[in-house]
Amino acid sequence: MPLRIASLGSSFAAGPSLPPVADKAAGRSGANFACLVSERARAHLTDLAVSGATLLNLTTDPQECGGRVFPPQVEGLPEDADVVLVLGGGNDIGYVGGIFEDTLRASWLGAVALRLAGTGGAPVQTAALDVDALAARFAGVLDAVHARAPRARVLVVEYVAVLGPDTRPGRDVPFGADRVAHHRAVCERLLEATAKAVEGREAWCHVVPVDAPSRAHAVGSEDPWVSGFTWKLFYAGGAYHPRAEGMRAVAEIVYRKMADLGIVKDDDDDDDDDDGEL
């Protein structure tokens with residue numbers, strides 16, 4: 001039987017603006033990292049990721065997006081899933097939404113757009129969460145996933161880095177070095193909370209490290225995995241989000257992690273009969 005993979009998460013998992021479009025209302029691409037990993041593993045994919053989702057939208061709260069109401073993502077999780085990919089938490093603390101806010105405030109046109117349309121669907125902050133509170137919320141997601149699909153390996157995928165060492169304040173982004181430092185600190189809080197959420201669950205849950213290898217591919221780098229800001233990308237949902245190159249890179253990192261855990265065979269050991277089975 002083919003491997004059964006499910007994906008839960010927000011826009012960095014869904015892949016807004018990347019062709020082909022799999023679900024326009026969800027801002028979900030048919031070429032996000034979950035799709036690419038599933039294709040490579042010849043697995044069956046249940047993709048539940050929705051752009052703009054918070055961790056609560058993964059477990060308890062319905063989400064309005066693109067003119068539709070999506071039920072909590074865990075409700076669609078197959079109970080017989082073998083692997084569950086989870087990416088989230090950024091929208092709970094306004095990670096990308098805060099970058100959008102600073103970008104829009106940097107120009108009069110952006111300030112008008114911010115007043116009329118907000119940050120394009122990316123929450124600025126949904127609650128005043130410190131690291132421990134965010135970790136507790138994330139742990140609740142992991143426990144809910146494990147309760148529904150107890151056989152599954154749960155892989156918590158980190159966000160691709162948006163601002164890295166090559167990002168030049170005032171040039172690659174329209175805000176200053178102090179705000180770059182602020183947004184990097186928000187990202188560090190997210191990473192710390194993600195790691196804490198997995199603690200004590202290592203028998204079935206694992207972090208997939210994406211932030212560190214992606215920092216050299218942030219906005220302003222020679223080989224970016226994320227897009228900078230343009231108005232076209234902003235309205236399409238793709239500004240400050242993974243590019244196609246980024247999704248392919250994350251898919252490679254996720255697949256390597258799955259191979260290390262023995263979930264899939266390493267490509268070097270594959271033969272023509274391998275169909276991604278456990």
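1. The structure under review is a predicted model. The chain holds ten helices and nine strands. The residues discussed from point 4 onward are placed by reference to these elements.

2. Overall dimensions. The C-alpha trace extends over about 60 × 40 × 35 Å along its principal axes. Of the contacts with a separation of 6 or more, 72% link residues 24 or more positions apart.

3. Of the 278 residues in the chain, 54% are buried. The accessible surface amounts to about 12,000 Å², and carbon and sulfur atoms contribute 52% of that area.

4. Ser17 and the Pro19-Pro20 bond. The loop between helix H1 (11-14) and strand S2 (21-23) contains Pro20, and Ser17 belongs to the loop between H1 and S2 as well. The peptide bond joining Pro19 and Pro20 is cis, with omega at about -5 degrees. Ser17 has a phi near 80 degrees, a positive value in a residue other than glycine. With a relative accessible area of 35%, Ser17 is classed as partly exposed, because this value falls between the limits of 20% and 50%.

5. Gly66. Where does Gly66 lie? Its place is the loop between strand S5 (63-65) and S6. Gly66 is exposed, as its relative accessibility is 62% and the class begins over 50%. Across a sequence separation of 41 residues, the C-alpha atoms of Gly66 and Ala25 are 4.1 Å apart.

6. Gln73. This residue sits in the loop between strand S6 (68-70) and S7. Is Gln73 buried or exposed? Gln73 is buried, because its relative accessible area of 3% is under the 20% limit. A polar atom of the Gln73 side chain lies 2.8 Å from the backbone nitrogen of Gly9. Beyond its neighbours within four places in sequence, Gln73 contacts Leu8, Gly9, Leu48, Ala49, Val50, Ala53, Asn57, Leu58 and Gln63. For one of these contacts, Ala49, the separation is 24 residues in sequence and 7.4 Å between C-alpha atoms.

7. Asp92. The loop between strand S7 (83-87) and helix H4 (95-105) contains Asp92. The relative accessible area of Asp92 is 0%, so the residue is buried. Which backbone nitrogen lies 3.0 Å from a polar atom of the Asp92 side chain? The nitrogen is that of Leu55. Asp92 and Gln73 may thus be read together: both are buried loop residues, and in each case a polar side-chain atom lies a stated distance from a backbone nitrogen, that of Leu55 for Asp92 and that of Gly9 for Gln73.

8. Ala218. The loop between H8 and H9 includes Ala218. Ala218 is buried, at 1% relative accessibility. Leaving out residues up to four places away in sequence, Ala218 touches Ala161, Val162, Leu163, Gly164, Thr167, Pro224 and Val226. Among them, Leu163 is 55 residues from Ala218 in sequence, while the two C-alpha atoms are 5.3 Å apart.

9. Ser227. Ser227 lies in the loop between helix H8 (211-214) and H9. With a relative accessibility of 11%, Ser227 counts as buried. Which residues does Ser227 contact beyond its neighbours within four places in sequence? The contacts are Val219, Leu233, Gly238, Ala239, Tyr240, His241 and Arg243.

10. Tyr240. Tyr240, one of the contacts of Ser227, is located in the loop between helix H9 (231-236) and helix H10 (244-260). The phi of Tyr240 is near 55 degrees, a positive value in a residue other than glycine. Tyr240 is buried, at 0% relative accessibility. Ser17 also has a positive phi, but that residue is partly exposed, whereas Tyr240 is buried.

How values were computed:
Residues are numbered from 1 along each chain as its sequence is written. This is a predicted model: local features need pLDDT of at least 70, side-chain atom pairs count only at pLDDT 80 or more; totals for chains, interfaces and linings use all residues. Side-chain values use heavy atoms; hydrogens and water are left out. Helices (H or I, at least four residues) and strands (E, at least two) are DSSP runs, numbered from the N terminus. Buried means under 20% relative accessible area, exposed over 50%, partly exposed in between (1.4 Å probe, protein chains only). Contact means heavy atoms within 4.5 Å. Accessible areas come from the Shrake-Rupley method with a 1.4 Å probe; for residues, only the protein chains shown count as cover. A polar contact is a pair of N or O atoms within 3.5 Å; within protein, one must be able to donate a hydrogen and the other to accept it, and residues adjacent in sequence count only if both atoms are side-chain atoms.
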